[in-house]
Amino acid sequence: AAARGCGGVWHQVCQRGAGGPSLAPRGQRAFTCNARGGAVPAGKSGLAPWVPVVGLEIHAQISSNSKLFSGSQVQFAAPPNSLVSFFDASLPGTLPVLNRRCVEAAVMTGLALNCSINKKSLFDRKHYYYADLPAGYQITQQRVPIAVNGSLSYSLCIDNKMSRMVTKTVRIKQIQLEQDSGKSLHDDTRSQTLIDLNRAGVGLMEVVMEPDMRCGEEAAAAVRELQLILQTLGSSQAVMAEGQLRVDANVSVHRPGEPYGVRTEVKNINSIRFLAKAVDYEIQRQIEELENGGTILNETRAFDSKLGCTIPIRDKEGKQDYRFMPEPNLPPLILYNAKSLPANMNHQQVVNIDWIHERLPDLPSVKRAKLVEQYGILPEHSFTLVNEDGLTEFFENVVKQTQMKPSKAIGWILNDLLSYLKQHSLTVKESLVSSFLLADLLNLLEKKEISSTAAKQVLAELWKGEGKTPLEIVKEKKLELIQNQEELEQICQAVIDGQENEVIMMVLE
Amino acid sequence: RPQRGLSLQVSAALKEGRVTATELCQRCLSLIRSTKFLNAYITVAEETALKQAEESEKRYRAGQQLGVLDGIPIAVKDNFNTAGIETTCASNMLKGYISPYNATVVQKLLDQGAVLLGKTNLDEFAMGSGSTDGVFGPVRNPWSYSRQYKKKSVPKSHSEDKESNWVITGGSSGGSAAAVSSFTCFAALGSDTGGSTRNPAAHCGVVGLKPTYGLISRHGLIPLVNSMDVPGILTRCVDDAAVVLGSLAGHDPKDSTTIQDDFKPFELPNLTDVRKLSIGIPKEYHAPGLSSEILAVWSKAADLFENAGAKVTEVSLPHTRYSIVCYHVLCTAEVASNMARFDGLEYGHRSDMNKSTESMYAATRREGFNDVVRGRILSGNYFLLKQNYENYFIKAQKVRRLIANDFVKVFGSGVDILLTPTTLSDAVPYMEFIKEDNRTRSTQDDILTQAANMAGLPAINVPAALSERGLPVGLQFIGRSFQEKQLLTVAKWFEKQVKFPMIQLEEVKRHDNDVFQHQKSASFS
């Protein structure tokens, strides 16, 4: 459920305390994100306001049939240690063999994020001891990653009305391919650790975002946009609740004109909503710490979603030297474009950047622009449509089946349908009111057979899921609009006749 | 009658029914038993070997043999994975470890009907140059028991035990070299990272081929230095090395560093004219510590080529002298990384220490590795530290490039093959060898072989002569990348000229006269 409820444009204001568990000792003295991205905290010292700086490191699990360097299957929630090849268990003598699909996913993602794709990238070993890292090192791309220097545009609302939206850009430093680790399960009562290597060796794309964000809402909006892009590309399923998208936030604060402050790394954030909270909490904590004369330690902190705060943790990797070295078992990864593609090369053996580029699907931003143009809806509405999984399809199906103007129909979808779904924590796909039923209902409204108040009543009935059509409900509840003049006059007459005293009083007044 | 390889002759004998695969296998097994004192084998897979031999015999009877190697008994160094047969690397860490898969090279040999007799002894994780530093004890050089050596080595004093005179095999593939040299198998796999196949081949008087890096799959070879390791081939003659090479070489989808091109197995021509050949004599291989005896054998070989009409020139590989220190950095760095997986969790030795995961790791590694391995891990990690990486690792990589470029230049100048000594001296007695520590010894012993690994070039040891003490002296030929055919052709010509004497193993003869006679006749008929 973590990923739900994040739909729509980010409509919470960049402000602390909004809806979240209140953090008792922390004051309400706030910084807010304004449209220009600056922070406006009211420092009690009267100095220039603090500027928060937020950078993100995002690990997206690549959606592929097999792992990055082995043939084992990739599957969520399989029985422990059932998807482990000899290589994944680091049996001596095994060697990595790069999965072409993972390379293509990274290239697609890099192109979608406006990166330059390195025609030659390298793999490195990063060493540390941990029980769920069987080889004692992770194969990653530390020196020359597959994609660099990109950017991601995202939009967010700057007030609750969803009418003032701003678009911002965060620079993408790099995308690197690397192996996922296994999972450790600590059994404290029996003081043992159980290891599941199913995840060990699954392909990851680490997306490094430059510290261009200023608050939790910006970070959340950027991650949501990235999530949509990955899902559109199919390069990652990017479901945070299943660990397919993991976000670490680097947070610091400083005075304008001064160098960046000491940063902390916030981990263990498992939903986009919590990302916003964790970042804002951490910014506030650092400001208070500094204003009280304290210092910020370069440490790793975890977000506790129950308490709504970040707490220092002992980093599992510690502050250690990773002793990077080139991975000697993998030759440099060479990618080609149409120009450099050797004529005699087996096409199964090469990855052609141009070929992938030509086949990129419409990205969310393009989809939104098309929706605005095609249906004449407001840009902010296009955000909600695209951001909410399945909503665009729902909307388009309704539009196809109704005479109502799309710009009018969208109100019913966004205000009535979506808010109902949200209240009941349902996804669009789980909606009991199908696009067909809603279209039916809107047609009744459009043909003026019912009033809009009646339509709302019908919709409420439809949510019960009793299998009745809107027309049946209208008839059953006698909600039709009366179109016959004579009949209306008779009703009015009957009302007047039955209420003589009241009529007289009204006339007298 | 043209000179043919041993394996071809045995193969013909098998085909004609003069000997059966089972008989051959049994004779080898019996020889292994009678030469047990050599300590060449860690594991003898008697049962599976006999079963494989039986299968082979059936194929021969049906006329459906799989190729030249069908029914040929072979041995494999104990750092190659063999499904169902223990793979120990001569380390406590892997004692009792049974791999679930075969190394690609092992699988290829089995697929061609070869009979796997067992796993041969080595220095722990192939780190050494004597085959003296494994948990199963040192390997003894078969030549220690030869009539040639015994005749010449007189105990210095009466108090000195006759026993202590035995000489080392060199290493780290000493078990494989001893196994081939003592007739217990027809061919053996070794591995070669800095000379580990060529060095023991030289000391044991056998052919030792280190192919070009990337020609043979490393999948299933437990690595020492991934960027230099190559499976090595030990045989009693050059023709056999070509046969085994032909059965192993080529692309392996499981090893991304193997060449993509198909490899075509070749038969070696009998070279009659070497006048078009250009032999380079690298002056830097006249290294400090090179024995005058070896120098004489080397010069004689150069003369041999010259007299036969080949162009023999002195060449220079100026950066070779930095190779020892460069190798030390690169080797230990990769060792530190490769050994990280041995933590006692997934496989291998696990200490009883259970205070914490970290203490378990530490105790497991202390108990599982010997001092040599631990020492290399320690220095490798030091070189990889952030503050040292540029100064050591990067610098060593640059030097490696310079060393490799030296070869490119020499070969570019028209030289076909380089001729060098393989070792500084003949094999030394064990008691003398262990006076110095592993690091010092490896440093000295690898000096002439290592540069070929740095450059990834093919190189071969060919037995050339016996020393004054009656021990083998070998010479090394280094060829161009992927030019194994040319290299082996020249090596074969040389082999034919020098007529290296047959080892006269009296003890073996006593034990198993039959087999010895058979193989003797097979190899020199």
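## Reading the contact between chain B and chain A

Modeller: In this predicted model, 19 residue pairs, both members at pLDDT 80 or more, are in polar contact between chain B and chain A.

Biologist: Which helices of chain B each supply at least two residues of the side that touches chain A?

Modeller: That side of chain B draws at least two residues from each of α10 (323-338), α11 (357-368), α12 (371-384) and α13 (386-412), and the count of salt bridges between chain B and chain A is zero.

Biologist: How should I read the area that chain B and chain A bury between them?

Modeller: The size of an interface is often given as the accessible area lost when the parts come together. Here chain B and chain A bury about 2800 Å² between them, with 55% of it on carbon and sulfur atoms, and 40 residues of chain B are in contact with 30 residues of chain A.

Biologist: Turning to helix α4 of chain B, which of its residues are buried, and what do they pack against?

Modeller: An α-helix has 3.6 residues a turn, so residues three or four places apart point the same way. In α4(B), residues 104-111, the buried residues are Thr104(B), Val105(B), Val106(B) and Leu109(B); they pack against β2 (73-77), β3 (115-120), β4 (187-192), β6 (230-235) and α8 (238-248) of chain B. After α4(B) comes Gly113(B), with a positive phi near 90 degrees.

Biologist: Why does Ile496(A) count as partly exposed?

Modeller: Ile496(A) counts as partly exposed because its relative accessibility is 40%, which falls between the cut-offs of 20% for buried and 50% for exposed.

Technical notes
Residues are numbered from 1 along each chain as its sequence is written. Chains are lettered from A and ligands numbered from 1 in the order in which they are written. This is a predicted model: local features need pLDDT of at least 70, side-chain atom pairs count only at pLDDT 80 or more; totals for chains, interfaces and linings use all residues. Side-chain values use heavy atoms; hydrogens and water are left out. Buried means under 20% relative accessible area, exposed over 50%, partly exposed in between (1.4 Å probe, protein chains only). Helices (H or I, at least four residues) and strands (E, at least two) are DSSP runs, numbered from the N terminus. Contact means heavy atoms within 4.5 Å. Buried area is the accessible area (1.4 Å probe) that two parts lose on being put together, summed over both. A salt bridge is a side-chain nitrogen of Lys or Arg within 4 Å of a carboxyl oxygen of Asp or Glu. A polar contact is a pair of N or O atoms within 3.5 Å; within protein, one must be able to donate a hydrogen and the other to accept it, and residues adjacent in sequence count only if both atoms are side-chain atoms.
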